[in-house]
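Dear colleague,

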Amino acid sequence: MRIDVITLFPELFSAHLVHGVTRRAFEPGRIDVHLWPLRDFGDPPHARVDDRPYGGGPGMVLLVEPLERALAAVRAARDEAAPAPVVSFSPAGTLLRQPTVEQLAAGPGAILLCGRYEGIDQRFIDAHVDRELSIGDYVLSGGELPALVLLDALARLQPGVLGDARSHQQDSFSAGLLDHPHYSRPERLADGTGVPEELLSGNHAAIAAWRREQSLALTAERRPDLLDAARAEGLLGPADEAALARKPPRTL
Ligand code: 4HQ
């Protein structure tokens, strides 16, 4: 898969691409990330990429023409037989969720456009942007962090990137539920706090049942919307419904 990123701040991406477990996702043959500095496509004589908004008001707007030159360069460098969607980031976009990440991970990649300032001239969005995504209801100063969020979510889905091939099939959302709690050593803390006994039992079926019940109870408590969606998708069986009816307490 290939991801092209059009940005005024390509240096914001380098740390993420070279560190951590996700670094392996960006090695040759996996996610091929190409950074395109928007400034390189700016209007002469000073490589201008933004200007004041018509109608007045604060801030600046990214200009259509530099964006179109950058996009043309990206398109020329990509395989035209497998056209990738142009994605931009905005609080007005559809909230990024795991199914969208999975859908993008299964395709040829994407062209990510990172806005800055007040935003992007609407004519560029109307003509070229296939999908506007939001990473949540707050205001950021640029699209780079949302693009990094998407890159990270895509990276961990690449085969061989997580230590264990099952890691991302077991985590939150692949089952449509929130993840269960995790515990590690020591078995008892200095203040006496222990670990749920089921996890120490060595009984794999009992451990799996406990974890599933915890996921169900946590999802019911914190995200009833996700529980309803999982139910509607047929992801909950009779044992799950029975566990929910018992409503086990999540605390020790
Ligand atoms: N933006 N989720 C980029 C966001 C945002 C969000 C505001 C997008 C600023 C320049 N993007 N512009 N929340 O706050 O995706």
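Strands are taken here as DSSP runs of at least two residues, numbered from the N terminus. Please bear in mind throughout that this is a predicted model.

With that numbering, β5 provides the largest share of the shell around the ligand, namely 3 residues. Both β5 (86-95) and β8 (131-134) contribute at least two residues each to this shell. In total, 16 residues surround the ligand, and the closest are F89, I135, G136, Y138 and L140. Sorted by class, the shell comprises 9 nonpolar, 6 polar and 1 charged residues.

A polar backbone atom of S90 is 3.3 Å from a nitrogen atom of the ligand. The ligand on its own exposes 360 Å², of which the protein buries 94%.

Is D121 buried or exposed? D121 counts as buried because its relative accessibility is 17%, and the cut-off for buried is under 20%. The side chain of D121 makes a polar contact of 2.8 Å with the side chain of R123. Leaving aside residues up to four places away in sequence, D121 touches V61, L62 and V64.

Yours sincerely

Technical notes
Residues numbered from 1 in each chain as written. Predicted model: local features only at pLDDT ≥ 70, side-chain atom pairs only at ≥ 80, totals over all residues. Heavy atoms only, no water. Near = heavy atom within 4 Å. Polar contact = N/O pair within 3.5 Å; in protein donor to acceptor, adjacent residues only side chain to side chain. Areas by Shrake-Rupley, 256 points an atom, 1.4 Å probe, with all protein chains shown as cover. Helix = DSSP H or I, 4+ residues; strand = E, 2+ residues; numbered from the N terminus. Nonpolar A, V, L, I, M, F, W, Y, C, P; charged D, E, K, R; others polar. Buried < 20%, exposed > 50% of the residue type's maximum accessible area, 1.4 Å probe, protein only. Contact = heavy atoms within 4.5 Å.
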